[in-house]
Amino acid sequence: MDKITLLQPDDWHVHLRDGAALQRTVPDMAKQFSRAICMPNLVPPIKTVEEAHAYRERIMAHVPAGLSFDPRMVLYFTDHTSPEEVKKIKKSDYVNAIKMYPAGATTNSEHGVTDISNIYGVIEQMEEHQVPLLLHGEVTHHHVDIFDREKRFLDEVLSPLLQQFPKLKLVLEHITTSEAAHFILEQDRNVAATITPQHLLFNRNDMLVGGIKPHFYCLPVLKRQTHQQTLLEVATSGNPKFFLGTDSAPHSKNAKENACGCAGCYSAPIAIELYAQAFDQVGKIERLEGFASHFGADFYGLPRNSTTISLVREEQVVPEQLDYMDGEKIIPLYAGKTIQWRKV
């Protein structure tokens, strides 16, 4: 198959940042996707529906003329989030979920939840009103190996949470392990997961062999090839519990190539082509539309898009770098490499 046409895809997990960063991130996202779940871990974080609406307006100010883009907003869960915000979400046209970061798990997560039992009252309201809870699924204990943090989260946090709230609508974000994939498969349809392009295309050898590659460093970190293979299997299986979420996150070249390099991969400008490459590599390109365009919208209870895009099998070289704010540069995922698909 040398050409594929699919409904306009959506990105159910992206970091756009704020301020001057939006000049780069919003056009890149709007050229690829119709809708995007916009992460709330700004400085300061987006903690209320009112703040989410204001952030959405700042995003919309950077959508290029002629493009239709619908940012879907998320609140940042803290120990002090009020149950009243859940009711406000149900009344909002644009806010769809609440995101829980364990404190210290990733970029700008220091305001995150310190103990999940602190927020059970809010989660009870979320279960009742069917407001999705989005989870960064890692424990943050210093004594736990970074490659084991997702599995420990499943055992110590997520399993007890779903026993307490079995009808909670929940997305485990950017899963990276076989254990996470199998956990999702074992749950009811109210539990789903997003998968990034980097976790389908790469594993920890790509990041570590021959010298550390900081532009492959993200959280949760890339895992073994066996985990990568399982993610490819479930992503391309046609199972509606798994759908597209890039976790695209802009960091300047200087911030990545640093003694304390930032976590995050920037895939937004070529995201759908990267997914096409991953699906094509395992002979499942015909399954891409469900993963990219159907299952996420269905889970969130939103209509599927009506417009289409086409991808052709045509080589393109990913740019070595992209302009970013204040004269900085971003090194995109797969920079300087040739990929086999192009959006037309």
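**A parallel sheet and its chain**

Guide: This predicted model holds an open sheet of eight strands, ordered β2-β3-β4-β5-β6-β7-β8-β9, with parallel pairing.

Visitor: What makes β2 and β9 edge strands?

Guide: Each pairs on one side only. β2 covers residues 11-14 and β9 covers 242-244. Neighbouring strands of this sheet are turned by 30 degrees against each other on average, direction ignored.

Visitor: Why do β2 and β3 count as a pair?

Guide: Pairing takes at least two bridges between the strands. β2 and β3 (residues 35-38) have two bridges, in the parallel sense, so they qualify as a pair. Asp 11 has Ala 36 in β3 as its bridge partner.

Visitor: What makes helix α3 part of this picture?

Guide: Helix α3 (residues 84-91) packs on the sheet. The helix touches β4 (70-76) and β5 (95-100). Touching here means heavy atoms within 4.5 Å. The direction of α3 makes about 145 degrees with that of β5.

Visitor: How many helices and strands are there in the protein chain?

Guide: The protein chain has 12 helices and 13 strands.

Visitor: Why is the protein chain called as compact as a globular protein of that length?

Guide: Its radius of gyration is 19 Å. The globule rule gives 20 Å for 344 residues. The two values are close, so the chain is as compact as a globular protein of that length. Along its principal axes, the C-alpha trace spans about 50 × 45 × 40 Å.

Visitor: What share of the residues is buried?

Guide: Buried residues make up 57% of the 344. The cut-off is under 20% relative accessible area.

Notes:
Residues are numbered from 1 along each chain as its sequence is written. This is a predicted model: local features need pLDDT of at least 70, side-chain atom pairs count only at pLDDT 80 or more; totals for chains, interfaces and linings use all residues. Side-chain values use heavy atoms; hydrogens and water are left out. Helices (H or I, at least four residues) and strands (E, at least two) are DSSP runs, numbered from the N terminus. Axes are lines fitted to C-alpha atoms, for helices over the stretch in contact, and angles run from 0 to 180 degrees between N-to-C directions. The radius of gyration is taken over C-alpha atoms; the globule rule is 2.2 Å times the number of residues to the power 0.38. Buried means under 20% relative accessible area, exposed over 50%, partly exposed in between (1.4 Å probe, protein chains only).
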